[in-house]
Structure formats: C-alpha cells, structure tokens
Protein chains: 2
Amino acid sequence: MRRLSERIDREANAVYAARGIDFEQRWYGTLSLLDERGPLSVTEIARALNITHVAVSQARRSLTAAGLIASTLDPADGRRRTLHLTDAGAAFVARLWPLWDALNAVGDAINREAADPSAALDRLEGALDRMSLSERVERLLPRSI
Amino acid sequence: MRRLSERIDREANAVYAARGIDFEQRWYGTLSLLDERGPLSVTEIARALNITHVAVSQARRSLTAAGLIASTLDPADGRRRTLHLTDAGAAFVARLWPLWDALNAVGDAINREAADPSAALDRLEGALDRMSLSERVERLLPRSI
DNA sequence: CATAACTCCGTAAGCACTTACGTTGATTCG
DNA sequence: CGAATCAACGTAAGTGCTTACGGAGTTATG
C-alpha cells in the first residue's frame, strides 16, 4: 500500500517534470484550496484537507520560499496567519489547472478501470472505524489490559 | 491512501505497545523472512519483500543495534553479508508469531469485511502497469515530447 | 590477464507525512 | 478582572520508505 502510494507520487512527479514544471506534491492541496476558496488560515486548510496543521505549515514555508503564497496576520486574531496566493501564485495555479484536471480525469478513469479501489479503501477505513485494529487483535488474542 | 496506510501503521504500533513489546514496523519483513527461510543476504531479502536494498540495510542496522540479528561476511563472495537471527532474535520472533498470526487473521477479516480492498489495490497497480500515469496524462493533454 | 562492466551494500539526503512540545494570543469563569 | 483553559501556529525530531551516489568485490571479454 505504501509502495503503491509512493509509486503514484513518483509518477505524478514525472508528469510535472516532463513538462518542465517545478512542482512539489504537497503544494497541491493548499494551492488548489486557496485558489477555489480564497484566503484561509493554516488550521482551516488543515481541516479541509484532513491533515495536521504541521503539514500545512511546512507546505506554507516552501510555498512562501517559492513566492507562490504570502501570509498576513489576522488583525482580529493575533494567532492566525491568513494565507493567500501572490500574483505569481495565481498565475502558476492558472497554468496548472488544465494539468490538474487531466490528472483528476486520469484518476477517475483508472478508478473505473480497476473497479473502484478508492471505494474499497473507504470501506477499509469504515471497517477500522467500526472496530480498531487493536480491539480486533485483543478479541482474537486476549492478553493485555 | 497515504493517510490510511499511516493509520494502519499507527494502529499496529499500538498493538505492540499495548503488550509492552518494543517493536518497529519495518522489522517485520526481515525478521519473519529470516525465521522462515534461514540466513539470507541483504539483496535477497530486498527482492523477496519487493523493497530496495537500502530499506533492508536500514532495518538491518536497527535490528543489529537491538541485538536481534547479526551478519557474517560470505566467504565465497566478499560483497555479501549474510544476515541471521541471534538467539535473542529467535526467541523474540517465537514470542511474536502468535501476535503476527493474529494480525494477519485480523487483516484477512477486515479484507473480507470491506469487500477485498487488497484486490482492488492490485487492480490499481495492474492498471498502472498497463499504462503509466504520465502516458495517460499525455494522451489526454498532449503537450511535451 | 588487464580492464570494463556489473553486483552487493553502505551512507547521505529527500519526501510527505506524523507526534511531541512550546509559545503566544483568545476565551471563559469564579 | 485575573487565572486557568483553550486555540492557532511554529520548530524539532521521527517514520519508513525512496533516489543518488560511491566503494569494493566479482565476472566477462578482447
């Protein structure tokens, strides 16, 4: 599973590289979200993407270094940093959308071709939600607690 | 996908921790293989597990530090290091088998419960083998080459 | 039989996340 | 209204892999 997800990352990277685009995978979520929904705080992005605020913060750092986004301190709440696309970032995203659309279309196509592995993963996640791994193991091989 | 695989890793870790066993996920492949098939070289293990020799080498380092395996230089071929379980390693593995069996059984059960996501992932991999991501994108959005 | 080509294995660094932990503001409440 | 709690965010370090690279030993070839 990890191997497969690494393979997909790698192949996606190759797509960008083949077109001479300097792009990091982890940029996608933040960039597309900022483009679609406007300025957002780090935590808002984290919640929308279902990752930790730390991952967003790291993406922020590299996106800022690349000059694609900038942040302003929220005047109403000194803890928050509101992230927004710079002009260069907006142009970059505009250039990338066709490629992202293509990638998403390819993802859908593969998903159909392979009989919906994505739904299968959702079911797996659901199974773990119903009963955790540890609980299942405990039930099969009681020992601790 | 990455998130889910990380979740599984985490839950599996919790299983070991709950039983007070000091265990690293990446040990599993090498330990179980050495126990089932006897002394093996780094590259042999890598091929059997379908990972890089580097990953095996890193596991080797940490397993050696933990005193669970040891290596001898192959007298016939000076490049090879043959890895084998130490006495402590063999005892550790013996103690762990029931847990591994339980984990595998739980994996099978979840797999059935969730309508075989594992097969779905194999199909996904197969689809990528038939045509790579870049090729699919190229076909949809010709640009480069 | 020297040299080119290949194989085994190691270290370093990167990737995209995570947890652990601390700092600085905002909010609540007695 | 001051103290305790909570929320937003940052850095450091870890995880389990990967690619890039290099050294040293083995095999093939002209």
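Two strands are said to pair if DSSP finds at least two bridges between them. Helices (H or I, at least four residues) and strands (E, at least two) are themselves DSSP runs, numbered from the N terminus. With those terms in place, let me turn to the model, which is predicted: local features need pLDDT of at least 70, side-chain atom pairs count only at pLDDT 80 or more, and totals for chains, interfaces and linings use all residues. Residues are numbered from 1 along each chain as its sequence is written, chains are lettered from A and ligands numbered from 1 in the order in which they are written, and side-chain values use heavy atoms, with hydrogens and water left out.

I begin with the strands of chain B. Strand S1 (residues 40-41) of chain B runs antiparallel to strand S3 (residues 81-85) of chain B, with 2 bridges between them. Within that pairing, Leu40(B) stands opposite Leu83(B). Strand S2 (residues 69-73) of chain B is also antiparallel to S3(B), here over 5 bridges, and Leu73(B) has Arg81(B) as its bridge partner in S3(B).

In chain A, an open sheet of 3 strands has the order S1-S3-S2, again with antiparallel pairing. Its edge strands, each pairing on one side only, are strand S1 (40-41) and strand S2 (69-73) of chain A. S1(A) is joined to strand S3 (residues 81-85) of chain A by 2 bridges, and Leu40(A) has Leu83(A) as its partner there.

Next, the interface of the two protein chains. How many residues of chain B are in contact with chain A? Taking contact as heavy atoms within 4.5 Å, 45 residues of chain B touch 45 residues of chain A. The size of an interface is often given as the accessible area lost when the parts come together. Buried area here is the accessible area (1.4 Å probe) that two parts lose on being put together, summed over both. For chain B and chain A, that area is about 4,600 Å², and carbon and sulfur atoms give 65% of it. Met1(B), Arg19(B) and Leu133(B) supply 14% of the area that chain B buries against chain A, more than any other three residues.

The interface also holds charged pairs. A salt bridge is a side-chain nitrogen of Lys or Arg within 4 Å of a carboxyl oxygen of Asp or Glu; by this rule, 12 are found across the interface of chain B and chain A. One of the salt bridges joins the side chains of Glu113(A) and Arg136(B), at 3.0 Å from N to O. On the side of chain B that touches chain A, two or more residues come from each of H1, helix H5 (87-113), helix H6 (117-130) and helix H7 (133-140) of chain B. H1(B) gives the most, with 12 residues. By class, this side of chain B has 26 nonpolar, 5 polar and 14 charged residues. In these counts, Ala, Val, Leu, Ile, Met, Phe, Trp, Tyr, Cys and Pro are nonpolar, Asp, Glu, Lys and Arg are charged, and the others, Gly among them, are polar.

A residue is near a strand if one of its heavy atoms lies within 4 Å of it. Around DNA strand C there are 28 residues, of which Thr52(A), Gly78(A), Thr43(B), Ser57(B) and Arg79(B) come nearest. Of the atoms of DNA strand C that come within 4 Å of the protein, sugar and phosphate account for 66%.

Which atoms of DNA strand C do the side chains of Arg79(A), Thr43(B) and His53(B) approach? A polar side-chain atom of Arg79(A) lies 2.9 Å from a base nitrogen, and an N or O atom in the side chain of His53(B) is 3.0 Å from a base nitrogen. For Thr43(B), a polar side-chain atom lies 2.6 Å from a phosphate oxygen. H4(B) provides the largest share of the surface near DNA strand C, 6 residues. That surface divides into 6 nonpolar, 9 polar and 13 charged residues.

DNA strand D is likewise surrounded by 28 residues, the closest being Thr43(A), Ser57(A), Arg81(A), Thr52(B) and Arg79(B). A phosphate oxygen of DNA strand D is 3.0 Å from a side-chain N or O atom of Arg60(A), and a phosphate oxygen is 2.9 Å from a polar backbone atom of Gly78(B). The largest share of the surface near DNA strand D, 6 residues, comes from H4(A).

Conventions: A polar contact is a pair of N or O atoms within 3.5 Å; within protein, one must be able to donate a hydrogen and the other to accept it, and residues adjacent in sequence count only if both atoms are side-chain atoms.
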